Structure formats: structure tokens, C-alpha cells
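Thanks for coming, everyone. Let me put the sequence and the model up, and then we'll go through them together.

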Amino acid sequence: MPNTSEVVIERQISQINNGGNRAVSFNIGDNVLARDYRNTNNKWQKGKIIKCISYNTHDVELNDGTIWKRHNDQLLIDKSSTPSNNSISPTPARQTNENSKNTETVGENQNPDPADPVIVNKTPRPIRSRKPPQRYSPSDYV
């Protein structure tokens with residue numbers, strides 16, 4: 001049966017490795033699949049990027065000539081057509097500050113391998129100082 005700290009460390013490693021957003025960028029002329037919210041049978045329509053409105057938003061011209069404005073989250077690369085110059089990059093690795101006072105690298109084997117550091121906060125929350133309550137005693141009022 002796994003130890004609680006082992007489970008926590010495993011989950012932290014999973015968050016470090018899988019965290020982040022989908023990093024994809026599209027260029028003008030790229031063949032894409034655009035999300036179609038009108039049709040329940042066919043969720044994706046083939047089209048081509050015709051204009052970059054912003055980093056994450058593009059105008060897509062569908063095969064029937066209709067132009068839709070779509071966010072990167074609503075676009076997929078059309079792999080069925082000829083490959084184009086889509087620039088897909090994995091999510092950049094997160095930087096950790098190993099010299100921080102409130103963090104330390106935790107693990108049973110303290111390997112100096114920076115590829116998979118696990119960071120645990122030494123002081124996750126401030127410690128509350130509590131005074132005992134002043135209880136009523138009849139002898140105090142005599």
C-alpha cells in the first residue's frame with residue numbers, strides 16, 4: 001500500500017508534467033478543422049486560415065465560402081490534407097527556483113537530476129497561535 005507522501009509526490013509530478021495549455025499556432029493558409037456549433041452530427045468543418053485577428057483568434061474560410069471567427073481552442077490541424085507549416089510546440093517546461101527559502105526538493109532518493117524536481121512548500125499556511133479560552137468560574141466572582 002503506498003505511503004501518503006508517495007502519493008502526494010506522484011500527484012505533484014503529474015501536475016508538473018501535464019500542466020499548461022495547448023501550445024499551437026496557426027499561419028495564414030493553414031488547413032484546419034473549425035468547430036461547428038450548429039450541427040450535432042458533424043462537429044468539425046474543413047477550412048483554411050485567411051486572417052490572424054490576434055495570437056489566439058483567426059478568421060477561417062470554410063470550403064463553402066463561409067467565414068467564421070474562431071479561437072485556437074476551436075481549431076484543429078487538418079491532418080487529412082497535405083501537411084502545411086503548422087508550428088506546434090509542446091508546452092514550455094516550468095522553471096523552478098531551487099534557491100527559494102520556502103521550498104525544497106522532496107523525494108526518497110535526493111537525486112540532483114533537475115529533469116523532474118518536486119517542489120513542496122515548507123510553510124504552506126501560517127500557523128495560528130491560539131490562547132486557551134477564559135472559562136467562567138464562580139469563584140472568580142465572589
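Predicted model: local features only at pLDDT ≥ 70, side-chain atom pairs only at ≥ 80, totals over all residues.

Thr57 is buried, because its relative accessible area is 17% and the cut-off for buried is under 20%.

So where does Thr57 sit? Thr57 is part of strand β4. That strand is mostly covered, with five of its six residues buried. Across in β5, the bridge partner of Thr57 is His71. Now the contacts. Leaving out residues up to four places away in sequence, Thr57 touches Cys52, Lys69, Arg70 and His71.

Asn56 lies in the loop between β3 and β4. Look at Asn72 in particular. Asn56 and Asn72 are 16 residues apart in sequence, yet their C-alpha atoms are 5.2 Å apart in space.

Next, the sheet around β4. What is the strand order? The sheet is open, has five strands, and reads β5-β4-β3-β2-β6. The pairing is antiparallel. At the edges are β5, residues 67-71, and β6, residues 75-77. Each of these edge strands pairs on one side only. From one strand to the next, the twist averages 45°.

Let me walk across the sheet, pair by pair. Start with β5 and β4. Strand β4 covers residues 57-62, and five bridges join β4 to β5. The two run antiparallel. Val60 stands opposite Trp68 in β5. β4 and β5 also form a hairpin, with four residues between them. Check Gly65 in that turn: its phi is positive, about 95°.

On to β3 and β4. Again five bridges, again antiparallel. Two pairs to look at here. Lys48 stands opposite Glu61 in β4. Lys51 has Asp59 in β4 as its bridge partner. A hairpin joins β3 to β4 through four residues.

Then β2 and β3. Strand β2 is residues 31-35, and strand β3 is residues 44-52. Five bridges join these strands, which run antiparallel. Arg35 has Trp44 in β3 as its bridge partner. Arg35 also lies over the face of Trp44, at 5.9 Å from the ring centre.

While we are on rings: how many aromatic pairs are there? The count comes to zero aromatic pairs.

Now charges. Side chains of opposite charge can pair when their charged atoms come close. How many salt bridges does the structure hold? One. Asp36 forms a salt bridge with Arg38, and the closest N and O atoms are 3.0 Å apart. Look at the two ends of that bridge. Asp36 counts as buried, because its relative accessibility is 1%. Arg38 is exposed, because its relative accessible area is 64% and exposed means over 50%.

Let me zoom out to the whole chain. Of the 142 residues in the chain, 18% are buried. Now take the contacts with a separation of 6 or more: residues 24 or more positions apart account for 43% of them.

To recap. The five-strand sheet is open, with antiparallel pairing. The salt bridge joins Asp36 to Arg38. That's my tour. Over to you.

Key
Residues numbered from 1 in each chain as written. Heavy atoms only, no water. Pairing = 2+ DSSP bridges. Axes fitted to C-alpha atoms, helices over the stretch in contact; angles between N-to-C directions. Phe/Tyr/Trp six-rings, centres within 6.5 Å; stacked < 30°, edge-to-face > 60°. Lys NZ or Arg CZ within 6 Å of the ring centre and 35° of its normal. Salt bridge = Lys/Arg side-chain N within 4 Å of Asp/Glu carboxyl O. Buried < 20%, exposed > 50% of the residue type's maximum accessible area, 1.4 Å probe, protein only. Contact = heavy atoms within 4.5 Å.
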